[in-house]
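Trainee: Before I use these labels, I would like to see each one tested against its definition.

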Amino acid sequence: MKDIVVSGIRSTGNLHLGNYFGAVANFIKMQHQHPCFFFVADYHSLTTHPNPVDLLANERQVIIEYLACGLDPEICTLYLQSDIPQTAELYLFLNMLAYLGELERVTTFKDKARKHPDNINAGLLTYPTLMAADVLIHKGAKVPVGKDQEQHLEMMRTFGNRFNRLYNVDYFPEPQAFNFGTELVKVPGLDGSGKMGKSEGEGNALFLCDDDKTIRKKIMRAVTDSGPTQLNQPKPDAIKNIFALMNLVSAKDTVNYFDEQYNNMTIRYGDLKKQLAEDMVLFINPLAQKISDLKQNDDYVTKVIAMGKEKAAASANKTITEVRKIIGFK
Ligand code: TRP
């Protein structure tokens, strides 16, 4: 049987172009190759005590955006973490095998504890146990996550192996990081520095739900410089970024045209950005449109969530029944 893929999605919505070409593109491809479980990590989000009024609306926004990008709820299992309380039961079991010392050494825990010393709750401490439960509840073997989650993956393996050893079974697999395709596309932001990111400040990221006007405005304000002063001059980072974005959404000829202009020093950044803005609008607008259509279609989204719950519950029930038996509950 093919390895099972499991991944959690943060429950604050608003995907940007970096997500689209990164994690989301990965999900879209792997859903056709593996049994995939993707869930909105709403239990995890409770560590910061979100407002109950916003909770479900945020989750639906996340589901809608992933659907708009091409996750197919008939093919993969797309669900809300809190719809599968079996995960919480497995979390309880795994917590009996998780030691305070190792949990306290997790970098993400230490970072969060440092940043929010007034809210170092046990849920934050046991965040890695809940993640392990998320994956092991489906006996997941592949976990598509970024580098920042490496340590969490290591802990999943530790907890699963500890369970196997304690009960003398070969039950849980060892989940491994999984990147589909060879290399992830890097999408730069608009502020002239690094990657596109949500927390990099207003105007750095282009969101899939941005309207045309917003896209144009953000791109026209993107950081550039005063222009090349020599023929065939290497591009500084900010200009490289604009070209990298253009490479993602514009025709090859268009990119070459401006590249040549840059090299012979006739380029006008205003024209470059205008072209990029128009091509970006053509790229994002259909996605934004799909998002807005899905937002009008409450019944469909509700149906998708219910279908995900049913499929995830079938898998989770099987695991939790077996786990209870192994532990000795009958
Ligand atoms: N911690 C992950 C993040 O911050 C989200 C997540 C929760 C997750 N549970 C998971 C990822 C299980 C992979 C597997 O992005």
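Mentor: What follows takes the labels in turn, with the values behind them.

Mentor: This is a predicted model, in which local features need pLDDT of at least 70 and side-chain atom pairs count only at pLDDT 80 or more, while totals for chains, interfaces and linings use all residues. Residues are numbered from 1 along each chain as its sequence is written, and side-chain values use heavy atoms, with hydrogens and water left out.

Trainee: What makes up the secondary structure of the chain?

Mentor: The chain has 14 helices and five strands. Both are DSSP runs, numbered from the N terminus: helices are H or I with at least four residues, strands E with at least two.

Trainee: Why is T319 called buried?

Mentor: Buried means under 20% relative accessible area, exposed over 50%, and partly exposed in between (1.4 Å probe, protein chains only). T319 has a relative accessible area of 3%, so T319 is buried. The residue lies in helix α14 (residues 298-327). Leaving aside neighbours within four places in sequence, T319 is in contact (heavy atoms within 4.5 Å) with L136, I137, H138, K139, Y171 and F172.

Trainee: Why is helix α8 described as largely enclosed by the rest of the structure?

Mentor: Helix α8 (residues 127-136) has 10 of its 10 residues buried, so the description holds. Among them are Y127, D134 and L136. Over the chain, buried residues make up 48% of the 330 residues.

Trainee: What makes a set of residues a nonpolar core, and which residues have the most contacts inside the largest one?

Mentor: A nonpolar core is a set of buried Ala, Val, Leu, Ile, Met, Phe, Trp, Tyr and Cys residues joined through side-chain atoms within 4.5 Å. The largest has 58 residues, and L17, F38, I63, L206 and M280 have the most contacts inside it. Helix α13 (residues 269-296) gives the largest share, 10 residues.

Trainee: How do you know where this core lies relative to the domains?

Mentor: Domain 1 (5-186 + 297-327) and domain 2 (198-292) both give residues to the core, so it lies between them. The domain bounds come from an automatic or database domain assignment. The C-alpha centres of the two domains lie 34 Å apart, and their contact takes 14 residues from domain 1 and 14 residues from domain 2.

Trainee: What does I63 touch?

Mentor: Not counting residues up to four places away in sequence, I63 touches V40, L78, L80, V301, V304 and I305. A second, separate core of 38 residues includes L90, A98, Y127 and F163.

Trainee: What is the crossing of α11 and α13 called, and how is that decided?

Mentor: α11 passes α13 in a left-handed crossing. That name applies if the near helix is turned anticlockwise from the far one by less than a right angle, and right-handed applies if clockwise. The axes of α11 (residues 237-249) and α13 come within 9 Å and cross at roughly 35°. Axes are lines fitted to C-alpha atoms, for helices over the stretch in contact, and angles run from 0 to 180 degrees between N-to-C directions.

Trainee: Which residues meet there, and how many are nonpolar?

Mentor: I239, I242, F243, L245, M246 and V249 in α11 meet Y269, L272, Q275, L276, D279, M280 and F283 in α13. By class, the contact has 11 nonpolar, one polar and one charged residues. Ala, Val, Leu, Ile, Met, Phe, Trp, Tyr, Cys and Pro count as nonpolar, Asp, Glu, Lys and Arg as charged, and the others, Gly among them, as polar.
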